[in-house]
Amino acid sequence: MEKVLDRYIRDAFLIERPIHATQHAYCKGRSTETALLSLVDKVEKALEDKEIALSAFLDIEGAFDNTPIRTLVGGLANKQADHTTIRWVEAMLSNRNVKIELNSFSVEVLTTRGCPQGGVLSPLLWTLAVDNLLHKMANLHFDVQGYADDLVVTVRGACQDTLSHRMQRALNTIEKWCIENELTVNADKTVIIPFTRKRKIDNLKPPKLNNISIPFSEEVKYLGVTLDKKMTWNSYLTRK
């Protein structure tokens, strides 16, 4: 039934109101390769223009497990899915028991959030939920791309003060969306890299996330590929 519903949602609603073009997961014609190409193209264009591409790599913590049911169902409503479909999905998500057994003890609880692990509809439901954030960021003229629960925010330019200010605004917007939807961005796993060949970036200030200052990194592993701040590919090739 989930397979039937997945096909129905994609054919009946997502053709007229498609998932945002910057979401590269669970969408036909998009993949880890398109996500990497999109990011690398932006960074290399900035380097060619002698600009700085400041990129923040974010992970929404426990997205599939912790997202409230109202947010998952809201993603369907935003695509104007019919009432029956929304009710079916809401009932499927709400009427689930989780049972844990340890030796002679067992605990069983009714789930109040999240998607079923390994569920056929689970990837699509999360994609529809985070689609709202991608559209919101695009409307604010922020360059954000998603791959499932991973987000990359990129701001580029020559003025370091402006880049710092815009990146902080972008992170504040994402943090606010997460709070509204009872989610969090893991600050410890967040990596921020100023892709540049400039020697001095003294005026570039590390942004804050959850009131924690995020120091700049020299490299990041994104979708299995290591990217260094000068985009030389040396770190990736050395590891391989």
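I began with a definition: contact means heavy atoms within 4.5 Å. This is a predicted model, where local features need pLDDT of at least 70, side-chain atom pairs count only at pLDDT 80 or more, and totals for chains, interfaces and linings use all residues. Residues are numbered from 1 along each chain as its sequence is written, and side-chain values use heavy atoms, with hydrogens and water left out.

**Entry 1: Glu108**

I found Glu108 in strand 3 (residues 105–110). Helices (H or I, at least four residues) and strands (E, at least two) are DSSP runs, numbered from the N terminus. What does Glu108 touch, leaving aside its neighbours within four places in sequence? I noted Asn97, Val98 and Lys99. I also looked up Leu124, 16 residues along the chain from Glu108: their C-alpha atoms are 27 Å apart.

**Entry 2: the record and the whole stretch**

UniProt, in an unreviewed entry, lists residues 1–227 as "domain: Reverse transcriptase". Its positions are given in the numbering used here, feature names are shortened, and annotations may be inferred rather than shown by experiment. Over residues 1–227, I read 41% helix and 22% strand, with the end C-alpha atoms 41 Å apart.

**Entry 3: the open sheet**

In which order do the four strands of the open sheet lie? I wrote down 4-5-1-6, with antiparallel pairing. Two strands pair if DSSP finds at least two bridges between them. Strand 4 (143–147) and strand 6 (191–195) are the edge strands, each pairing on one side only. From one strand to the next, the twist averages 15°.

Next I followed the pairs. Strand 4 and strand 5 (residues 150–157) run antiparallel and are joined by five bridges; here Gln145 stands opposite Val152. These two strands form a hairpin with two residues between them, and Ala148 in the turn has a positive phi of about 60°. Strand 1 (residues 52–59) and strand 6 are also antiparallel, with five bridges, and Phe57 has Val191 as its bridge partner in strand 6.

**Entry 4: helix 6 and its partners**

I checked helix 4 (residues 69–78) against helix 6 (residues 122–139): they pack at about 75°, with axes 8 Å apart. Helix 4 is therefore roughly perpendicular to helix 6. Angles of 65 to 115 degrees count as roughly perpendicular, under 35 as roughly parallel, over 145 as roughly antiparallel and the rest as oblique. Axes are lines fitted to C-alpha atoms, for helices over the stretch in contact, and angles run from 0 to 180 degrees between N-to-C directions. Among the residues making this contact are Leu72 and Leu76 of helix 4 and Leu125 and Trp126 of helix 6. The contact residues divide into six nonpolar, four polar and no charged. Ala, Val, Leu, Ile, Met, Phe, Trp, Tyr, Cys and Pro count as nonpolar, Asp, Glu, Lys and Arg as charged, and the others, Gly among them, as polar.

Helix 6 also packs with helix 7 (residues 160–180), at about 145° and with axes 11 Å apart. Their contact includes Trp126 and Lys136 of helix 6 and Trp177 and Glu180 of helix 7. By class I noted eight nonpolar, two polar and two charged residues there.

**Entry 5: helix 1 and helix 5**

The axes of helix 1 (residues 2–12) and helix 5 (residues 83–94) come within 12 Å and cross at roughly 140°, which means that helix 1 is oblique to helix 5. Glu2, Leu5, Tyr8 and Ile9 of helix 1 meet Thr85, Trp88, Val89 and Met92 of helix 5.
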